Each structure stands twice: as structure tokens, then as C-alpha cells.
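Biologist: I have not looked at this structure before. Can you take me through the pockets and some strand pairing?

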Amino acid sequence: MKNNILLYLLGLILLVGCNKDEENKYISFALDTEHNSVEGSFVQGAELLSNCQASISYVNAVGGTATFSSEEVNGIRIEKTSLALDDKAGTVKLRITGVPVELGIMYLPVSVEYMGYQYETTVSVVIFEDTDPSGSIEFKMETTPITNMKSTVEIPFTVLPTMAAVTASELQGLNVKITQDLNTGQGVVALTPTAELLSGTVEITASFGARTPVVKEISVNAFAEGEGTAESPYKISDADGLNKLKFGLDKVFILTDDIEVEANWAPVGTTEAPFVGVLNGDGHQVTYHINAPANDSQAFFGTIGAGAEVKNLNFSGEVTGRNIVAGVAASSAVALENCNADNVLVKGENNLAVLIASGDEKDSRILTIGKDFPTLINITVGETSASELLDVLPMDIYMNVLKNETNAVISYNTSDGKITADITNSDFVSGDITVELKLAETESGSNVTALAKTIAIVSKKMNEGGDGSEASPYIVADGEQLAAMMTNAPSSYIALQNNIQLSGEWAIVGEFTGDLDGKGYTVTGLKINAKDANSGFVKTNKGTIHDLKFVDVDVTATMSFGTIAGINQGTIRDIEVSGKIVSTNGGDLLGGIVGDNLAQGVIENCYVNLDMTASCGMVGGIAGRNRGTGGVAIVRNCTSEGILTATGVNKTRIAGIVGRGEGPDLIKGCLSSMTITATASGANGVGGIFGANNNNDMKIEECMFTGTVKSGNDVGGIAGVGVNVLNCLVENASVSNTVSGSNGNAAGICGTNKKYATNCIVRNTEISGVVGTSKAISGINGNYQNNGTTKGCVVESATIKGAKVQRISAINPATVSSNPGAPLANNWICDVTLLNGSNEDISSSATDDTAGLDGGKVNRDQINQAWYESIGFDMNVWEWKDGKLTLKNVGYKRK
């Protein structure tokens, strides 16, 4: 057998695959057979000792556990063993057991199961022969203790038999490399310390087969003195020794000198493995540096646990972390004894302390910044200063302004914790300021500093230009400017320069006498919580508001209200409003544009699309009331769409355009397609255009209804109770009175008519309901007051349904006992179906008479423009279009 042993390789035997582990990571694990090796004495016929091991190398691991084993070959084997693998590459040691049988070189196959896959590798083993198994081992080596160990120490040895195996025990922080000439028995044990080495004993063992092993012990110590106990603490004199704290968390240390650490320091101890030993500075100072702005829990110690002692030690240097940063410990369960860190510059984002930032024994003063630290100080338009809560504890910190681009005077009040920007005496420009916060201005805490923070200081101009005149209106660009100019310059000319998004609740403007020109732009998000009477975008308009759209209006009202103006005595024109209004007002007045339209008030060419819910009376899609006492109040060419639901008991005067009229008012050219429901007990005076009036002076002209109106008492397609109705059209509509026991009237034009209803048309409409005793559901008018009558009206293609039905009028106005009207005259029908309460067709019961309740009958082929002109229709108002007569100028005209 050859004495010179060579390294034999079987080659790299491995299974490599792109496999997935349990976390769905693709892996390519492999066994590195080339670097496999064995150690220990392998002698024919001798039981293997515990130091006989195989080293199996691997690459591309992803953590987890692998199971190793081998079948018995030549009398030796590896028992099934599960071991944790490091990420990426590493080596595991496996004990080899058994009694070698045959001499020579053999290959021990090793199976590995990892991540659900099977891998194979081999390790070569040389089996020696011992011709004198009862003989002894001669092992010579120096064993002088090694102290203050900082570099490799080489110790020569000689062993006989020359083929005896020399192995070393493991010691934390010590790498052992043994080289040996098997021909001469001479070799070297190389001991190399790592940062983890503290102290201990390493055993060097010489073994050969069945012979008795020989063990040599060498004491090693990374320190000049000490064993890490209370009686014999490790003595630290330099940065290397100080770093050993991390590996002796339960040991006892004492400094023998001041120490400065040049490298970036890593905190000692963690929550899982805190420092529980003793560090006695003996009056010395440690200077260290940490630069970890993205990491939490930064300090000399990460965590000091219960039972630890840190005493008689001064600290200096600089620590930069993120959260929980301090000069000595990020967290500690014990108090420090006679320690000082005033000379450590502590920097971070939050929870910063001189000594200890958290834990049972944290400092009483910790710089803590809340989640509401301001990023903006907005000086309200027209104001000269503004304050924000700094949201910092303790409040008596020191704030230093590092940079100020604004020229504002910046101050901090320690009594209320507020930062203030004042622009009273400065040439202010919007911009940023940068501030740093210190735990104290001087002495202890003055080196504890929060990382610089930026706060924007803004104060918008009240307008973007102009002098408020008609030739040069104030220009506004956002909600703040709009509110400021409406409030502070209510008699000026104001114009929008762009769309505006409002935020928060609108501060209602008192009286506006100027001119607001929306320029066709849109204001989004008008939110009003109206608790005062006559509220709105403005309470009282005596000026002009025009060419403006309001989108996503959100209103809750408990008193009288109008979206644009609670009261209008000026002009509101070319306005659009869409959104939602909910009124819980128990009184009267709600309008989609205006609450109360007084004398000289004009609402023209306006449009609403609203979801309105109201418990009050006097409700109109455009205006709650027209009250032109002493002058005319006008609503002209307006359109209402959406839903109007009146929920109030005994509430009256509800309509798609104007709810109530009380003067020589005019409603002209208006169109409503709203769905109007007012079916609560006592609801009355409900119409598609107008609710009810209390005099004979107002006029309803050239209006059109195409929606649905449903009520419990007087209800009409144009008016519940209407006066002076001329040239109006109800088409594709539904008018109904559905409350059992009702004593009201339901009709295509007016439930009750005053003065006249002339040249009106009801077409493609269903009129139905329950009316009082002796009353009828009728095509044009139901009841009459104040000399009311019906003349020159037409009902086309309509269905009239009820217990009692009439094609034109429920009664003859000339027979009204009080203030009778002129007899019915020149009224016509075409294709009108009458249904009784049982839904039976009773059309044949009608009497054709142009001066009677059912009107005269005209055939479809007779109806044309000339025919309409013959019964008095004015072609300046009407036009023949698409085979029917329709109004020329009705509703809102979008510009």
C-alpha cells in the first residue's frame, strides 16, 4: 500500500433542477462533490471514533432542512441525519460509523433529500492498515496558553504512527486548520481567531484505529486578561475587544482605556437576544459612529435585557437612525449607572433620546413626533398669519429654522406646541421652510436632533388680478379666492378663470350686490349645511350671478333655502345646478335655484337636475316662491329635471318650476320633466310647472311639462291652482291624484283654475285619480275660482281615468256660485279615451260640444297648423313641426 495518500475524485455527481420551494422561489440546488472530504482515522478492522466525519459541500441552497444518509459500504455508513442548510453555499459535517473491512480507496455514496427532491454525491475514504493495533500513539506539540489573540498562531507537531489522524474540537470564534505529512508524521495546527472569539480551550486529538487517542489542550483568549466572569471580567483595551460584546451577551467586561471605534458600529443585543451581561466602563469613554438612517433601534446597545449592568461609562460620537435612536441604548429593561451620552449627536426621524429611547427604563424626555406633523401652513386668504400644531412631545423642545424661502416670520410656542407663520411685515412668497427639532436648546438634549423636515407655507392671493370694475373684474382661480372675493368684495365684478373644485362646507355669503361671471366654468362640490333662514350660495342676491355651472351639489337644510340665493332681488341667469338637496324644514320655501324670488328678481335661462327631498311647503325645482309685491318677479326659460319628493303632512304649493306665487309675477317659457310626488296627507296645490297662487295677477305662459306629477288633492300638469294660463303644453306626461278620500281635483292643465286657461294643449298624457264627490278627472281644468274659465284648448291622444271623467272640464265655470267665469268655449279633443273606476272604456258616453264639459271632437286628419290658427293659437308662440303643434321657445338654452 502506498504511504503517499492522493486525493481521488469520483467527479462532480449531482442532480441540478430548476425547482420551486414552498415559497415559490425557483432554486437550482447542487452538491459540490469536488470539495467533499473526510477527517479522522479510518483503519481496517477498528471501530471508527466520533471524530470520523464527512464534510459534504453544497451550492444554491435556499435555507430549510436537508436529510443525509448512506448505505453501508465496506463496513462503514452514515446514519440518517437532518440538518439545516444556510442560504446559498455551505458545508455540513456528518459522522461516519462502522468498522472498515477492506483496505484501500473507497467511495461512500451519500443521498440527500432537499425540498422534495433527491440528490446524490460521494466522498472518498482511504482505509489504512494497523500492523500493531495494541501499540500506542506518540504525539508531541506545545500547549502554551495563548492570550490577546488577534492573528493566526501556528503550532508544529509530530505524530507516530505517521498516518495517525490529527483532529481538532470546535470552539466559537476559532478556525482550526491542520496540515500533516503522512510520510513523516510532521504537521502544523494553525489557529485563526475570528471576531466571535472570546476565550476557551481547543482539544487537538491524535487517533489511529484501535489505539488509545492522545489529546492535547490549548487555552486561547482574545483578551489580555479575564474569563468573562464577575471575578475575572474580560479586559477591553481596544475597538476589537469592544466588538466582542456582541458575542458575549451574558459575559462580564471592563474597560481599561478610552476607546474610539473607527468602523460603523452595529448595535449590541437584539429583542430576541439582548445584552444581559455587565459592561463596566471604569470611568472611560467610548467614541463610536452609526450611520443607518433607514434602520430602527440604533444606539450603542440595541437591547439591554433584565439583569444586565452598564455603568461608569461615558459615550461620544454620532448615531443616525430612523425610529428609536439614542446615545446608549435603543431599549433597556434596566437603568444605567453613572453613564453619560451628552456628547453623542443623536439623529433620526422619531423617538430620539439622550440615553435610552424605549423600554422599562427609557428616558423621561424622548423627542417624539406624531403622525399629524404639519406639512403645510396655509394662511387663509385675507389673513396675515396661521398656526398649526407641531404634534411633537415634549412640547418644550427647541425648533431651529434651517431654511426659509418665504420671508415669513416663523416661530414656535412651547406652551401650546404650535408653529406660526406671520406675513404681516414681510414681502411674502409661497415656498418651503426647513426646520430641525432638538430635545433641548442647550446642555443635555441639545445633541438630540430630528432629521430636518420641510413645511410648505402658502397664502394665496385673494384674486389673480383685476380691480373689481366692470372693465377689469377680480379674477378668481379656486374656492378660497371665490369665497374671499364674494365675502370681502360683494359689490364688485368677479369672474372665474377656470373650473373650481370646492372642499369642505361653503361659508354662506351674506348679501351680494356685484356681478359674478362664471364664464361658463364649473364649480364642483358645493356643500351647504343650512341652519339659518334664507340660506344658499348667497343669502340675498341683489346683483347678477350668471354663466356658471354647479356640479355635485350636496345640501342639507333645516330652514328656508335656495341653492344659488335664499332671496333673489337681482338677476340669476345662465346657471346650471345638479346634485342633491334634503330639507327637513317644517315650514316653507325651498328652491333649486332660489328660495324666495322677490320684486325685480329675475331667474332666466337656468337649469337644474336635482334629487330633492323636502318636508316643507312652497317647493319649486327653480324657485320656492315668486313674490313680486310692488313689482314683477320673473322666472323665464328655465328647465328642471330630476326627482322632487315632498314628504310633509299638510304641505302645499309644490311644483317643478315655482311652488308659490304672490304678486304680479311671470313664469314664462319654462320646461319641467321632473318626477314630482307629494302624496302625504293634506298635500295640495301640486303642479308640473306651478303649485298654487293667492291672487289674480300672475301669469303662466308658454310653459311645458313632460314629467310625472302625483298628489293627494289639487293637481295639474301645469298648475295645482293656476291663474292666467296661456299657451302651455303638457305632453308625454302623467298626472294623478291617488289619495283615497281626496277632495281635490286632477286635470291636464290646472287642478283649479283662476281667470283663464287659453290655447293650451294636453297631448299623449294620462290623467287619473280619486276626486271628491261630484268632481271629475278632466283633460284641461278641474275646478274654478275668481272668474276662471277654459277657452280654445285641445286634448289629443290622452287617457282620462276615474270614477267620474270629463274630456275638457270637470264643471261649467259659469255655474260657480262665487265669482263665476265665462262659459266654456271653443275647446276640442282628438283620440281621447275615458275610463271609469273599473277601468272600463266609457268614451262613448261623452257629449261632443265645443262649449261643453267634453269639448268638440275633431278628427286626426283635420288637425294642422291652419286648424290651430282657426281656434286662436298664435304662430309667433307656436310652430307646426313633425306633424304637431309645439312651442317655439321653451326651456333652458345651453350656450
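**Pockets and paired strands**

Modeller: S734 stands opposite E766 in β75. Keep in mind that this is a predicted model.

Biologist: How many bridges join β71 to β75?

Modeller: Four bridges, and the two strands run parallel. Strand β75 covers residues 766-769.

Biologist: And which sense do β67 and β71 pair in?

Modeller: Parallel, over four bridges. Strand β67 is residues 708-711 and strand β71 is residues 734-737. In that pairing, K710 stands opposite S736 of β71.

Biologist: Switching to pockets. What volume does the largest pocket have?

Modeller: About 1300 Å³. Its lining has 42 residues, and V38, E39, G40, V166 and T167 lie nearest the centre.

Biologist: Which strand gives the largest share of that lining?

Modeller: β15, with seven residues. Strands that each supply at least two lining residues include β4 (37-39), β5 (53-62) and β14 (165-168).

Biologist: How do the lining residues of the largest pocket divide?

Modeller: Into 21 nonpolar, 15 polar and six charged.

Biologist: What about the second largest pocket, how much space lies in there?

Modeller: About 230 Å³. Among the residues lining the second largest pocket are G479, E480, A483 and W506.

Biologist: Where does the largest share of that lining come from?

Modeller: From helix α2, residues 479-488, which gives three residues. The lining of the second largest pocket divides into four nonpolar, four polar and two charged residues.

Definitions and conventions: Residues numbered from 1 in each chain as written. Predicted model: local features only at pLDDT ≥ 70, side-chain atom pairs only at ≥ 80, totals over all residues. Heavy atoms only, no water. Pairing = 2+ DSSP bridges. 1 Å grid on protein atoms, 1.4 Å probe; cavity = no way out; pocket = protein on both sides within 12 Å on 5 of 7 lines; lining within 4 Å. Points joined across faces, edges and corners; volume = space filled by probe spheres on them. Nonpolar A, V, L, I, M, F, W, Y, C, P; charged D, E, K, R; others polar.
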